[in-house]
Every structure is written in structure tokens, then in C-alpha cells.
Amino acid sequence: MRYTGPKVRLSRRAGTPLTRKAVSYFEKRPYPPGEHGRRVRRNSSDFAVRQSEKQKVRWYYDLTEKQLLRIYENSKKRSGRTGEEMLAELELRLATVVMRAGLAASIYAARQFINHGHITVDGKKVDIPSYQVKPGQIIGVREKSRQMVPFVEAAEGVHADDKIAGFLAVSHKDLRIAVTDRPKREQIPVPFDEQLVVEFYAR
């Protein structure tokens, strides 16, 4: 089941900011949520550490358990390192590309834009957030959606990171994203260790 509660609460449970918005909140309250959050002792067993890292991945990319397990199984079949292949597949989900390029403020906003039919791939509307984008494809915003406030802000670069991911070529002015390559590990800034996730599923 996908988590639908307060997103900052997830960051505090994870022990690290999972969204841009959570950064300032987390600096003020860097401990787990709830009445006894300050006094909670983390279970530091090997299993608990790996399970915690798996949960971070789920929350960061807004996945269900079933979705993440399927991505792990697909990644094992590829020729590269399983953890890096898993991250590349996660980064090439349409929702992640829209968020990473700065067309949405968060993965949750990106999912909503896609679900509501505002996003196109190679000129055709795609309303599936998990759609796997391939190198060479072009992602854009439907013409009739471009005057919406979130996309006007995106065109001004409001949601963009200081540095755009190296596997994307982005024109905020044109609300256009070109996927130029399959993501490499050094191009993916994530707050977790994917190898621990691989070890969790391989146990």
C-alpha cells in the first residue's frame, strides 16, 4: 500500500529528508514523529538497517511494496550491478523524470500531473506515473495545461535543482525534457544505500 499521510512525517521516520520541503522541517525536528519520538531507540540489527533502507527507497519514489519488489526482480535480470540497475529503472519512471527535471515540486506532484493527463511523451498523453521512459524520448506538458500555475512556475525554474541530472536535457522555458542516456550511479543524488536494499531482498 502506498503511504498517503503527511510527507514530512515520512522523512522523520526515515531519519533523512526525502523531499525538498522536508529539509527545513527535518532540521528543526531531526527525530522520529510522535509523542515519544525523542526517546525512541532505533533497532540497529542488520535486518532492521536493511529494512529501513528499503523503506526509504519506497517513500522517496512513492512506491508500493509490490512495485519495488518487481523493480528489484527486473534489475537482477540485467547485466549490470543489481543496485545500480534498480536505481536507473526508478529514475526512468515518468514521475521521477518529471520531478527530477524540475517540472514538479515533488514526486507526489509529478504523479498527480501525470494522472490528470498534463504530461506527454513524444507528443502523446501518458497518464501512467510508472511508465518507463527510454533514452531518446521527449517529455513535455500538454499545450492546454501550460497556463496552469504549477507549470508557469516550472517554466521559470522555480522547482529545479541547482544542477539538472546529467542524463536529462531540460528546457524549462519550453517545458521540455529529453532523456539523453540511461542514468549512471554518480548522476543519481539519493539519500540511501541501494546495496542494502539488494541485500534485504536477497536474504
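Analyst: Accessible areas come from the Shrake-Rupley method with a 1.4 Å probe, and for residues only the protein chains shown count as cover. Here the accessible surface of the protein chain comes to about 11,000 Å², of which 48% belongs to carbon and sulfur atoms. This is a predicted model, in which local features need pLDDT of at least 70 and side-chain atom pairs count only at pLDDT 80 or more, while totals for chains, interfaces and linings use all residues. Residues are numbered from 1 along each chain as its sequence is written, and side-chain values use heavy atoms, with hydrogens and water left out.

User: What share of the 203 residues in the protein chain is buried?

Analyst: Buried means under 20% relative accessible area (exposed is over 50%, partly exposed in between, with a 1.4 Å probe and protein chains only), and buried residues make up 47% of the 203.

User: Is glutamate 85 buried or exposed?

Analyst: Glutamate 85 lies in helix α5, residues 82–91, where helices are DSSP runs of H or I with at least four residues, and strands are runs of E with at least two, numbered from the N terminus. Glutamate 85 counts as buried because its relative accessibility is 14%.

User: Which side chain does glutamate 85 join in a polar contact?

Analyst: A polar contact is a pair of N or O atoms within 3.5 Å; within protein, one must be able to donate a hydrogen and the other to accept it, and residues adjacent in sequence count only if both atoms are side-chain atoms. The partner is arginine 182, at 2.9 Å.
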